[in-house]
Amino acid sequence: MSFRNRRKDVGEEKTAAAAETKREFECLALPLIESLFNFACWLTRNQEEAEDLVQETYVKAWNGFVTFRGKATFRTWIFRILRNAFLSSRKDVHAARVESLDEERHEEFLPHTSETPESIFVEQASLSAIREAIGEIPLPMREIIILREVEEMSYQEIGVVLGIPIGTVMSRLARARLTLRAVALAKLGGPRK
Amino acid sequence: MTCGKIRRKFDQFLSKELPDAELREIESHLAGCVACRAGAASLKRWKRQIRTAGKRFSKKTQSIHQLANLLEAAGRR
């Protein structure tokens, strides 16, 4: 085989490998577009900004795909990229988060309260009241609620996305649920705890 | 486990994120404790409502093609 032909073969192999990597990336990434967009909308509370954030996330993920080793699942990896991109775009949000994390270190886990007339009342709340309430609770609570209840991530996966230990996932989640319930109740004119 | 400890594990119990031994212990507790059983059922309903409410924003299929083009461009750089 001549030198020229060998070089042509190597070039073709490289092109085929690149196409395969791209296909692999698209198979993993594109099915997550709805979930990422929903998460981005809840973070930014602005659909246009969310659209940009998702695009930025995909470009970052694609550029960093060679470094993805499957240590985390692809889903947690790309959610983490999106969240970090969001935090980088909002320095004020980042500062607020540091304060809230400081408070959390000293907090005991909050118990889940059992069924009471009040909780039944919240369970009957309209979806729009719950949606409004999700939008109004502080960002660290909102993001953990979406990751857990909508994305159905495990505590461990949430820990990876948010970069926090499992104990903090548990306490923040418990506090987020109580706050969400209180805000939803207030919207329905019920007692606020 | 006490009722308080059981209730703190309801969420992980519902998603079966606990070791088998703990899952069995909670199941056995729920079988005999009306209050905890009601609490678990309440959390399950509340979680379902949040899930429905939280799936709010939807992206158009067209955006997938836009993204594919974007990746194509990023790949060429």
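**Entry 1: terms and model.** Axes are lines fitted to C-alpha atoms, for helices over the stretch in contact, and angles run from 0 to 180 degrees between N-to-C directions. I note that this is a predicted model, in which local features need pLDDT of at least 70, side-chain atom pairs count only at pLDDT 80 or more, and totals for chains, interfaces and linings use all residues. Residues are numbered from 1 along each chain as its sequence is written, while chains are lettered from A and ligands numbered from 1 in the order in which they are written.

**Entry 2: two helices of chain A.** I looked up helix H9 (residues 155–162) and helix H10 (residues 166–187) of chain A, which pack at an angle of about 100° with their axes 9 Å apart. Helices here are DSSP runs of H or I with at least four residues, strands are runs of E with at least two, and both are numbered from the N terminus. The angle makes H9(A) roughly perpendicular to H10(A), a label for 65 to 115 degrees. A:Tyr155, A:Gln156, A:Ile158 and A:Gly159 of H9(A) meet A:Ile166, A:Val169 and A:Met170 of H10(A); contact requires C-beta atoms, placed from the backbone, within 7 Å. I sorted these residues into 5 nonpolar, 2 polar and no charged. Nonpolar covers Ala, Val, Leu, Ile, Met, Phe, Trp, Tyr, Cys and Pro; charged covers Asp, Glu, Lys and Arg; polar covers the others, Gly among them.

**Entry 3: the core.** I then checked the largest nonpolar core, where A:Ala40, A:Ile78 and A:Leu82 touch the most other members out of 53 residues. Such a core is a set of buried Ala, Val, Leu, Ile, Met, Phe, Trp, Tyr and Cys residues joined through C-beta atoms within 7 Å. Buried means that 20 or more other C-beta atoms lie within 10 Å of the residue's own, with C-beta atoms placed from the backbone. Helix H2 (residues 33–44) of chain A gives the largest share of this core, 7 residues. Leaving out residues up to four places away in sequence, A:Ala40 touches A:Ala50, A:Leu53, A:Val54 and A:Leu82.

**Entry 4: chain B.** I found 5 helices and 0 strands in chain B. Of its 77 residues, 23% are buried. H3(B) is hardly covered, with 1 buried residue among its 13.

**Entry 5: where the chains touch.** The contact takes 33 residues from chain B and 32 residues from chain A. On the chain B side, H4(B) supplies the largest share, 14 residues. That side divides into 14 nonpolar, 10 polar and 9 charged residues.

Notes:
Contact = placed C-beta atoms within 7 Å. Buried ≥ 20, exposed ≤ 12 C-beta atoms within 10 Å, placed from the backbone. Parallel < 35°, antiparallel > 145°, perpendicular 65-115°, else oblique.
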